[in-house]
Amino acid sequence: MNGEHYDLIVLGSGSAARDGAGKAAREHGARVALIEHRLWGGSCPNVACRPTKAYVVAAELMHDVRHHAAERGIDLPEPVVRLAQTRSWKDSIRRDQQSWVQTLKEAGYGVVPGTASFVDARTVRVGDQQLSGDRILVATGSRTAVPTIPGIEDIEWIDHVTALELDDVPESLLVVGAGPVGLEFAQIFARFGSRVTIVNSGPQIAARADTEAAGELQAALEEEGIEVVLNSGVDSFARNGKGIAASIGGRTIDVSHVLLASGRLPNVKELEPDRIGLKVGRSGIAVEDGQRTNVDGVWAAGDVVAGPMLTPIAQYQARIAVEDMFANGSTSRRADYSVLPTAIFTDPELGGIGLTETEAAVQGHEIGVAKHPLPFVTRAQYTGAKHGLYKIVFDRKTRRVLGVHVVSRAASDIVGSLAPALKLGVTVDDLAFMHHVYPSYSEGLKAAAEKALVPVGK
């Protein structure tokens with residue numbers, strides 16, 4: 001394969017890489033090579049989205065059996081998780097590496113294992129091979145960022161990857177970071193039986209979420225016995241016999257495991273970007289319209305790019321990149337994140353779309369807020385939900401909905417289905433007058449919107 005030339009070389013094989021390769025081959029007849037240095041298929045199906053959600057499902061089942069089986073007349077013993085079996089089930093529902101390679105080869109791609117580095121803007125080196133291409137798409141993803149905490153080099157920490165390979169439930173767990181990964185794993189292991197503490201340097205969990213919604217989720221997690229420490233970092237780590245001593249804000253917490261979830265780093269160093277003058281910032285590769293980098297002939301998409309690190313965003317960016325690279329000078333789409341649904345898959349889930357209340361205020365809107373508490377929704381009463389809400393942020397003058405924030409089971413489905421509506425300018429009155437399904441979690445959205453209705457004659 002040394003010296004082979006392709007219409008498109010894709011660095012990586014994850015969500016962005018596969019979507020970009022598929023679109024280029026399918027719509028433009030491109031001859032494509034994929035280069036992967038670690039996991040064929042990328043992080044999402046192997047070690048992130050899919051396997052993590054398998055653990056979320058198992059933990060939710062365990063929680064419901066423990067708390068609701070008896071009251072519903074179901075006679076079951078106290079549930080105990082056998083993590084090694086959970087791990088085996090998780091592994092059984094994901095594709096193995098041989099299958100990934102076979103699938104990609106059958107799709108007609110050149111499949112090249114190894115670590116790629118730039119020779120020039122049209123050529124990459126992989127081991128002893130060199131491949132050239134008319135276009136290059138960088139989609140190498142990201143990895144766990146290791147914070148500079150004194151003593152961290154002396155302990156064995158875990159992250160979202162290695163946490164999924166444990167055979168035994170940690171006796172106690174310190175989660176560093178309160179973003180989606182940290183929150184999901186904190187609840188998973190708390191429900192499996194770990195004593196869990198979350199420490200976060202910022203003033204709220206889920207920093208990008210609406211503050212009130214984040215507070216509701218925090219209350220739900222604390223209700224389950226998870227300790228949340230905000231506005232604080234870990235001052236130091238030290239070995240303590242078989243465990244780990246973490247110094248946090250003047251006190252010491254002894255734990256058996258530490259899980260790092262305080263950020264991600266783009267996988268760019270191995271590419272030797274300086275060789276071609278590729279512009280890389282702290283958050284990743286800088287891109288312009290069409291996902292173009294500052295180097296002609298090189299595009300980038302996915303977690304390696306500065307911006308939202310989400311699987312559907314990686315796919316979205318890759319499709320834009322391929323449209324641009326084969327546009328032959330015609331105008332292509334530019335990325336638009338103004339209506340971006342997101343979710344944290346805790347229980348309850350935290351889903352959001354559009355602007356938070358704070359963001360709307362900063363942008364100068366005359367803000368209206370309509371809310372409805374989750375415990376008042378019939379469906380939520382079946383599980384005795386105590387914490388959660390439906391919150392609509394809207395412009396008082398135009399009545400246009402600016403953002404929706406939901407803390408509930410099925411919040412991801414609720415906010416995800418609202419993307420077209422917000423894009424087309426739905427008003428809070430539209431939501432108030434819509435039909436709904438009863439009893440469902442989604443009806444809380446209508447109930448919130450009804451509170452924003454202006455009485456006739458006023």
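Reply: Happy to. Let's begin with a pairing: the side chain of Lys391 makes a polar contact with the side chain of Glu212, at 2.9 Å. A polar contact here is a pair of N or O atoms within 3.5 Å; within protein, one must be able to donate a hydrogen and the other to accept it, and residues adjacent in sequence count only if both atoms are side-chain atoms. Please keep in mind that this is a predicted model, in which local features need pLDDT of at least 70 and side-chain atom pairs count only at pLDDT 80 or more, while totals for chains, interfaces and linings use all residues. Residues are numbered from 1 along each chain as its sequence is written, and side-chain values use heavy atoms, with hydrogens and water left out.

As for where Lys391 sits, look in strand β22, which spans residues 389–395; strands (E, at least two residues) are DSSP runs, numbered from the N terminus. Lys391 counts as buried because its relative accessibility is 1%, where buried means under 20% relative accessible area (1.4 Å probe, protein chains only).

Now for the wider surroundings. Leaving aside residues up to four places away in sequence, Lys391 touches Asp210, Glu212 and Glu357, along with Val369, Ala370 and Lys371, and also Gly403, Val404 and His405. Contact in this sense means heavy atoms within 4.5 Å.

Methods:
Helix = DSSP H or I, 4+ residues; strand = E, 2+ residues; numbered from the N terminus. Buried < 20%, exposed > 50% of the residue type's maximum accessible area, 1.4 Å probe, protein only.
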